[in-house]
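Open the model in your viewer and keep the selection tool at hand. We will go from stop to stop, with a note on what to pick at each one.

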Amino acid sequence: MMPREPIDARAVLDLVDLADLVRKRGVVLKERSGKLSGCCPFHQEKTPSFYVFKHPRPGHFHCFGCGVHGDAIAFVRRLDGIGFLDAVEQLGGPQRLTEADRQRIRRQEAEAERRRAASQRAKLENAAEIYVAAGPAEGSPVEAYLRGRGIDLDAIGGIPGVLRCGQVAYHWLDERTDPRAPRAERYVVLATLPAMVAVIQEPNGSMAGVHVTWLEPIDGRWTKAELADPITGEILSAKKMLGRSFGGAIRLTLLGPTLRAGEGIETSLSVLAALRRAGRGDAVWALGSRGNLAGGGMGLGPKKPGTREVTPGGRVRWQRRQSPIPDPARPGFVPPPGVTRFIWLGDNDDKDPEDGRLVVERGLARYRALGIDASVAWAAPGSDFNDMARKPPGETE
Ligand code: ZN
């Protein structure tokens, strides 16, 4: 047990190299165009959206997938599910804090909170503008795209009202610009293209943000746009969530006692069409990401076989899988009152299916703790439900 004495958090952080710490805890970080990124240890993902920023000192991490954010102390607390004092001890021990230090830290925290709130407001306003500027999806590239993905829109009774078509600018952060310049000046518009704009709603129904899928005609078919990173030439994701997405949902139907929810819009629509063809009225929503379906995880997951490594200091390290235990502090999506049955529409296209299984286990435990009858419907191995819908009929559900 540590003595309960005031801690100089900054002095502790100054002892720690955040990137080094993150790597030691099993995250493979790669440096690309001056940025350090890797797959997020706090949500399940295949493409890296977890970034470590060394500057300004003492550095911070941010995940563009699940929104986790913080310094080295926050990283250790979250990963190990431990308290502040235990995290500080792990990172190099307590330091005495003077009254002046305490006041400075309080001021810094208040200022950081003010900036966070302002930035959140600006993002939401931007998302609302995109949604309002968009028009109906009927007869638009969005309809062509969805039909091209094999989605039976006629079975659904047309395109759900939460999906619209807009002309949306694709912003890309130019790392070559001065990091001290205002953020708005550091972005470049790569292209302005038609896009599927889906409103993400908070549990109380208000707007949380938008999910945008940029489209372009390739070989005469409307398909996801191929936008390339101007520096590396690497293909950028044609989908972005703007505003808040964790905890929100794209409500493809009205709500009912049975709610089915998947990650992607296309996969969820494919299930919706199959249900309607079978004469079933279940509600289907898209939650945007597996992290949102599952909620955050507590502590370390099981060791990943074959990743044992001994550090120069003689300590044994393993890469860890996702934790199957829900973290009550980061619940993710919570079904509204009235939902008695929840069916997770599980994409089954992980390279390592065990990773997907653990995340689903965590989510189902969370829904069951809310008194909801929760289960998973897996897509066929190696696919999601949209892949299945594009195959000959009779193979879905
Ligand atoms: Zn994440």
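Start by colouring domain 1 and domain 2 of this predicted model: their centres, taken over C-alpha atoms, are 30 Å apart. The domain assignment places domain 1 at 9–97, domain 2 at 134–243 and domain 3 at 246–397.

**Stop 1**

Select strands β1 to β5. They form an open sheet of five strands in the order β1-β2-β3-β4-β5, with antiparallel pairing. At its edges are β1 (30–32) and β5 (69–70), each of which pairs on one side only. Now zoom in on β4 (residues 60–63), which runs antiparallel to β5 and is joined to β5 by two bridges. Pick F61 and you will find its bridge partner, G70, in β5.

Next, show helix α4 (residues 84–91) with side chains: its buried residues are L85, A87, V88 and L91. Look down the axis of α4 and these buried residues fall within an arc of 160 degrees, so they line one face of the helix.

**Stop 2: A127 on helix α5**

Select A127, which lies in helix α5 (residues 99–133). Is A127 buried or exposed? A127 has a relative accessible area of 0%, so it counts as buried. Leaving aside residues up to four places away in sequence, A127 touches M207, G209, V210 and L242. Then draw a distance from A127 to G243: the two are 116 residues apart in sequence, yet 6.1 Å apart in space, C-alpha to C-alpha.

**Stop 3: T213 on strand β9**

Move to strand β9 (residues 207–218) and pick T213. T213 is also buried, because its relative accessible area is 0%. Which residues does T213 touch, not counting those up to four places away in sequence? Show Y145, P194, A195, M196, K224, A238 and K239 to see them.

**Stop 4: the nonpolar cores**

Display L146, L163, W214, I250 and L269, which touch the most other members among the 51 residues of the largest nonpolar core. Strand β8 (residues 187–201) gives the most to this core, with eight residues. Domain 2 (134–243) and domain 3 (246–397) each supply at least three residues to this core. Another core, of 27 residues, lies apart from it and includes V16, L21, F50 and I73.

**Stop 5: the sheet β14-β16-β15-β19-β20**

For the last stop, select the open sheet of five strands with the order β14-β16-β15-β19-β20, where the pairing is mixed. The edges are β14 (250–251) and β20 (373–378); each has a single partner strand, so one side of each is left without a neighbour in the sheet. β14 pairs with β16 (residues 283–286) in the antiparallel sense over two bridges, and R251 stands opposite W285 in β16.

Now bring in the helices. Helix α9 (residues 265–277) lies across β14, β15 (258–262), β16 and β19 (341–346), running at about 170 degrees to β16. Helix α11 (residues 353–369) lies across β19 and β20, at about 155 degrees to β20.

Note on methods: Residues numbered from 1 in each chain as written. Predicted model: local features only at pLDDT ≥ 70, side-chain atom pairs only at ≥ 80, totals over all residues. Heavy atoms only, no water. Helix = DSSP H or I, 4+ residues; strand = E, 2+ residues; numbered from the N terminus. Buried < 20%, exposed > 50% of the residue type's maximum accessible area, 1.4 Å probe, protein only. Contact = heavy atoms within 4.5 Å. Domains from an automatic or database assignment. Pairing = 2+ DSSP bridges. Axes fitted to C-alpha atoms, helices over the stretch in contact; angles between N-to-C directions. Arc of directions from axis to C-beta. Core = buried A, V, L, I, M, F, W, Y, C linked by side-chain atoms within 4.5 Å.
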